[in-house]
Amino acid sequence: MKIKLTLLFCLIANLVFAQDSIFARRIVDTLTSRYFWGRGYTNNGMGKAAHFITSEFKSFGLQPMAGKSFTQEFEFPVNAFPGKMQVSINGKALAPGRDFIVGPESKSVKAACNLVQRDSVTYVNAESKIILVLKDKLTWSVAKQVADYTLIQVDKKVLREPPAAINLNIENKFISDFKTGNICAWVKGTVKPDSIVVFTGHHDHLGGMGSDTYFPGANDNASGMAMLLSLAKYYAAHPQPYTVAFICFAGEEAGILGSKYFTEHPLIPLSNIKLLINMDIMGTGNDGITVVNATVYPKYFDLLKQVNARGNYLVKINPRGKAANSDHYWFTEKGVPALFMYTMGGIKAYHDVFDISKTLPLTEFRNLFKLLVQFNAELQNP
Ligand SMILES: [Zn+2]
């Protein structure tokens, strides 16, 4: 009978985790769809993402952090590209995102002119203030200001001859007070509610470049939102001794702005945070994960490694030192223990139009979820 019960338990556990994988894929598919427009600065993409996450939190039964609204509003300046996005080189029209990207700080320009070579990869037209740079890989980002030039980065592979003539029509729109918000929720602890474990990740991505092209950001960071929402759903059904909190930051891609705002205007005493776990790029894991701040908080890193070894979840957990490369950073600077985890291996797409759900494997998603749940349990019951 006992064996049968154990078997039944294993089957149910596997079913639960299988459903978790389906749930995760649904979240990644949803957040990378056209409707969310890359969760950025045009077509209300970021606002739609925030609204979707809030309604998921509500449907799981989470409470807004500190009894306030789920949204912590803030604003910042940003340079956006809602309109024209046309570039032809030597008479050949290039595809936005695939063949070229516009420098995020670029201003509007409409011109047809010649280019003069400056070095092996740089071509300019001084009069129209156009700079063209040839790249091996196109990697986009977000700027908070506008430059007095237009930068076009072109994938080297699409040009047969050196760029001599350019015809372009680019429209930027500077937004001095782009309004957005961090989404903050929690499941109150049953024994020590003032001790808080916080899971974080950013819900924004790069948004759209022109009226036809958007950056889906499947790995960065729809995958992190899928993990965070999976954990939120789990903990809403399984409250822990400590409070388990969730923060989905906005404006990460514009310079980790949401987490900076939260640490400057905390909704909870930062000293109550036992540990913060930031999740950004959760979509692969073939080569394990890397943990930023591992060497700053060796006690937590060692526990994570022990839990992983016991459960045989991931092939490798790489330690890394301090790095200002995601939303954990400002918390570390305020003295809050924080680890940042990202998956290793698999696809190479990053900050480009190829970071899509279809090619995102979610290889170790289930194992990573199990590792985090077990790690959190042992954090609270040493
Ligand atoms: Zn990211």
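1. Buried means under 20% relative accessible area. Keep that cut-off in mind for N293. This residue has a relative accessible area of 0%, so N293 is buried. Note too that the model is a predicted one.

2. Stay with N293 and look at its backbone. Its phi is near 80 degrees, a positive value in a residue other than glycine. Most residues other than glycine have a negative phi. N293 sits in the loop between β16 (289-292) and α5 (298-311).

3. I256 belongs to the loop that joins β14 (242-249) to α4 (257-264). Its relative accessible area is 10%, so I256 counts as buried.

4. Next, a peptide bond. The bond from D220 to N221 is cis, and its omega is near 5 degrees. Most peptide bonds are trans. N221 is part of helix α3, which covers residues 218-237.

5. Now step back to the whole chain. The protein chain has seven helices and 18 strands. Its C-alpha trace spans about 80 × 40 × 35 Å along the principal axes.

6. How much of the chain is buried? Buried residues make up 57% of the 382 residues. The protein chain exposes about 16400 Å². Carbon and sulfur atoms supply 54% of that area.

7. Contacts reach across the sequence. Take contacts between residues at least 6 apart in sequence: 82% of them join residues at least 24 apart.

8. Charges come next. The protein chain carries 40 positive and 31 negative side chains. The centres of the two sets lie 5 Å apart.

9. Check helix α2, residues 45-60. Its 16 residues, at 1.5 Å a residue, should span 22 Å. The end C-alpha atoms are 23 Å apart, which agrees. Buried residues in α2 include M46, A49, F52, I53 and F57. G61 follows α2, and its phi is positive, near 95 degrees.

10. Is E56 buried or exposed? Its relative accessibility is 10%, so E56 counts as buried. What does E56 contact, leaving aside neighbours within four places in sequence? The partners are F23, R26, I27 and L229.

11. Helix α7, residues 365-380, gets the same length test. At 1.5 Å a residue, its 16 residues should span 22 Å. The end C-alpha atoms of α7 are 23 Å apart, which agrees. Among the buried residues of α7 are F365, L368, F369, L372 and F375. N376, E378 and Q380 are buried in α7 too.

12. Finish with V142. This residue lies in the loop between β9 (130-135) and β10 (150-155). With a relative accessible area of 14%, V142 is buried. Which residues does V142 touch, not counting those up to four places away in sequence? They are Y41, V78, P104, L206, E253 and A254. K58 is 84 residues from V142 along the chain, and their C-alpha atoms are separated by 31 Å.

Terms used: Residues numbered from 1 in each chain as written. Predicted model: local features only at pLDDT ≥ 70, side-chain atom pairs only at ≥ 80, totals over all residues. Heavy atoms only, no water. Helix = DSSP H or I, 4+ residues; strand = E, 2+ residues; numbered from the N terminus. Buried < 20%, exposed > 50% of the residue type's maximum accessible area, 1.4 Å probe, protein only. Contact = heavy atoms within 4.5 Å. Areas by Shrake-Rupley, 256 points an atom, 1.4 Å probe, with all protein chains shown as cover. Lys, Arg positive; Asp, Glu negative; His and termini not counted. Charge placed at Lys NZ, Arg CZ, Asp CG, Glu CD. Expected span 1.5 Å × (residues − 1).
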